[in-house]
Amino acid sequence: MQTVRKPRARAVVTAVIGILTMLAAYAVQDATLGTRTAHAATRAGIVAVAEGEVGNSEANGRCQKYGPCITTAWCAMFAEWVWRNAGVSPVFTTDVATGVGTWGQQQGLWKARPSGGTGSPAPGDVVVWGTPGSGVGGHVGIVHTVHSDGTITTIEGNQNDAVVKRRINPATQRAGERDVLISGYVSPPNISVPDRPAESVNGDRFEDLVAVDAN
């Protein structure tokens, strides 16, 4: 009996080892893919995710995916959701708009807007209304496009209780319960080379005028 069981035991052990080896290989593959996914964020991807949410509102209930949008201000929730779903990492977790600016300062991602100027926004940035750390009553949105005349197109959650796309002048546009100016922009982390903006041909951050010759 013992001479019969030993080969069976060895066969079982061999089978178990084979299964564990396969599982380990899958685990390594999954971990590798997960790492690739975590670093796959692009500025164009952020803009695309935000674009797909335009029109969602409290009225139609589609803002619930971002957080408790019916009971509290949700512009920061929307911006966080966009970055996270575009693969950005790490992502801020504060629901306070001006707190997003504070997070950007702490991460070394903050770009202040100079007085009277537009600053240096780029597609995919979070635009912040209100001085970082100044408390509630500010506002945030996602930079969609930077135009050559200094204006920018933004996509913002909780703007008139909806996700809206609009073109604004960063030097003068006010928003939030405190009616505050834009204080600056937070760049998405781990995106070292900016993508070419949708309206740019030569690769800078401005839109270009393109003509087609008659020939």
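Analyst: A crossing is left-handed if the near helix is turned anticlockwise from the far one by less than a right angle, and right-handed if clockwise. In this predicted model, α2 passes α3 in a right-handed crossing.

User: What are the angle and the axis separation at which helix α2 and helix α3 pack?

Analyst: Helix α2, residues 43–51, packs against helix α3, residues 75–85, at about 125°, and the axes are 8 Å apart. Angles of 65 to 115 degrees count as roughly perpendicular and those over 145 as roughly antiparallel. The angle of this pair therefore makes α2 oblique to α3.

User: Is α3 mostly covered or mostly open along its length?

Analyst: Burial is judged by relative accessible area, with under 20% counting as buried. By this criterion α3 is mostly covered, since nine of its 11 residues are buried. The buried stretch comprises Cys-75, Ala-76, Met-77, Phe-78, Ala-79, Glu-80, Trp-81, Val-82 and Trp-83. Just after the helix, Gly-87 adopts a positive phi of about 95°.

User: Which residues touch the most other members of the largest nonpolar core, and which element gives the largest share?

Analyst: That core has 32 residues, and those touching the most other members are Phe-78, Trp-83, Val-126, Val-140, Ile-142 and Val-186. Two or more residues come from each of α2, α3, α4 (97–106), β2 (126–129) and β3 (139–146). The largest share, eight residues, is given by α3.

User: What does Val-186 touch, leaving aside residues up to four places away in sequence?

Analyst: The partners of Val-186 are Trp-83, Val-100, Gly-101, Trp-103, Gly-104, Leu-109, Trp-110, Asp-125, Val-126 and Val-128.

User: How many helices and strands does the chain contain, and what percentage of its residues count as buried?

Analyst: The protein chain has four helices and seven strands, in the order α-α-α-α-β-β-β-β-β-β-β from the N terminus. Of its 215 residues, 41% count as buried.

How values were computed:
Residues are numbered from 1 along each chain as its sequence is written. This is a predicted model: local features need pLDDT of at least 70, side-chain atom pairs count only at pLDDT 80 or more; totals for chains, interfaces and linings use all residues. Side-chain values use heavy atoms; hydrogens and water are left out. Axes are lines fitted to C-alpha atoms, for helices over the stretch in contact, and angles run from 0 to 180 degrees between N-to-C directions. Angles under 35 degrees count as roughly parallel, over 145 as roughly antiparallel, 65 to 115 as roughly perpendicular and the rest as oblique. A nonpolar core is a set of buried Ala, Val, Leu, Ile, Met, Phe, Trp, Tyr and Cys residues joined through side-chain atoms within 4.5 Å. Buried means under 20% relative accessible area, exposed over 50%, partly exposed in between (1.4 Å probe, protein chains only). Contact means heavy atoms within 4.5 Å.
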